[in-house]
Amino acid sequence: MRNKQKLKSVSVLVPLEKIESKISEIGFLLDGTTTIVADGKFWRKMLYVKREQTISVSEEIGDAYPKDPIITICGSKNTVSKVINGAKN
Amino acid sequence: MPLYECNEQQFVENIRRLIETSEKFLVNRRICLHDDAKYGPATLPNDEFKRYAIICMRKSLKSTVFSKVPFIDDFHARMYDKGENIHGSSSLMFPRMSIPYYKVEYSINVWGGTYFFTFDALFDPEIIIEKRSVKRLGTGILIHVLKYNAPDERVLTINLPKDVMVFDVKNMVRVIDYSSNF
């Protein structure tokens, strides 16, 4: 399973709620969150796990506009396409 | 050797491209604890400051932070009185209520260039009421205690496929490449 994993990272102009709903729809559970500072901005980083597959979602904290969460997927080809297409539609 | 800074998306996508070309490469990772007053409650965004709202207050972002109640900063073994000036954005080093953090650095060396992605992961505050003995206030009193919990390593790290080798390093020494002079 693990050696078939694909890697993909995208920045999307989609609300976090929509991404989270898509991620939970395909069976991923929230495993942990942390606050990070990158590029001089504060981000909330969330890790979702489904067996050996992981999805991390980083969203800027505060009233920044537009918000473009970064989604990083390490999972099957199917997971990558579902999350990416789900975030686009 | 040129250094190129990336954000998370760029760094991961660069790794993906390298995987797809079957190019051999190594990812270096450095995780180091810092507590140098770089981060304090005055400079936190409002949503993040709310996590400290039980023990301290401020008018707005970057304004002086005062303690609302007496509390003990367990990580630094320090006590603050009620109404004490505990952090200001104009003078970050003093008075200092420092939030510890991990500095996480990822880098890859490809074709003579170093591509890196770096971020700081703040420790999570946990505020509880505990029975403590404090010289000025007495023994066995109930007092707010601020504890800092290190973020979980799973959330800190970038998850990469198994065939990508990640080496943990203590430091990265920059090497000057003189070969371009000839």
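Figure 1. Asp73(B) stands opposite Leu146(B), a residue of β11(B). Strands here are DSSP runs of E with at least two residues, helices are runs of H or I with at least four residues, and both are numbered from the N terminus. Two strands are said to pair if DSSP finds at least two bridges between them. Strand β5 (residues 71–73) of chain B pairs with β11(B) in the parallel sense, over three bridges. Strand β10 (residues 124–134) of chain B also pairs with β11(B), in the antiparallel sense and over ten bridges. Arg132(B) has Ile141(B) as its bridge partner in β11(B). The hairpin formed by β10(B) and β11(B) has three residues between the strands. One of the twelve residues of β11 (residues 138–149) of chain B is buried, so the strand lies largely in the open. A residue is buried if 20 or more other C-beta atoms lie within 10 Å of its own, exposed if 12 or fewer do, and partly exposed in between, with C-beta atoms placed from the backbone.

This is a predicted model, in which local features need pLDDT of at least 70, side-chain atom pairs count only at pLDDT 80 or more, and totals for chains, interfaces and linings use all residues. Residues are numbered from 1 along each chain as its sequence is written, while chains are lettered from A and ligands numbered from 1 in the order in which they are written.

**Figure 2. Strand β9 of chain B and the strands of chain B that pair with it.** Strand β8 (residues 101–110) of chain B and β9(B) are antiparallel and share ten bridges. Tyr106(B) has Phe117(B) as its bridge partner in β9(B). The hairpin of these two strands has two residues between them, and there Trp111(B) takes a positive phi near 45 degrees. Strand β1 (residues 3–5) of chain B pairs with β9(B) in the parallel sense, over three bridges. Strands of a sheet pair through backbone hydrogen bonds, either parallel or antiparallel.

**Figure 3. The side of chain B that touches chain A.** Contact joins 28 residues of chain B with 28 residues of chain A; two residues are in contact if their C-beta atoms, placed from the backbone, lie within 7 Å. On this side of chain B, α1 (8–20), α2 (46–49), β9 (113–122) and α3 (153–156) each supply at least two residues. α1(B) gives the most, with seven residues. By type, the residues of this side divide into 13 nonpolar, four polar and eleven charged. Ala, Val, Leu, Ile, Met, Phe, Trp, Tyr, Cys and Pro count as nonpolar, Asp, Glu, Lys and Arg as charged, and the others, Gly among them, as polar. Strand β2 (residues 29–38) of chain A runs antiparallel to β9(B), and two bridges join them. Ile36(A) has Ala121(B) as its bridge partner in β9(B).

**Figure 4. Helix α1 of chain B.** The 13 residues of α1(B) should span 18 Å at 1.5 Å a residue, and the end C-alpha atoms are 18 Å apart, which agrees. The expected span is 1.5 Å times one less than the number of residues. Glu8(B), Phe11(B), Val12(B) and Ile15(B) are buried in this helix. They cover an arc of only 95 degrees around the axis, which puts them on the same side of α1(B); the arc is that of the directions from the helix axis to the C-beta atoms. Arg17(B) and Glu20(B), on the other side of α1(B), are exposed.

**Figure 5. A three-stranded open sheet in chain B.** The order of the strands is β3-β4-β7 (chain B), and the pairing is antiparallel. β3 (56–57) and β7 (85–87) of chain B stand at the edges with a single partner strand each, so one side of each is left without a neighbour in the sheet. Strand β4 (residues 65–67) of chain B is joined to β7(B) by two bridges. Phe66(B) stands opposite Asn85(B) in β7(B). In chain B, confidence is lowest in β7(B), at a mean pLDDT of 90, and highest in β3(B), at 96. pLDDT is the predictor's confidence in each residue, from 0 to 100.
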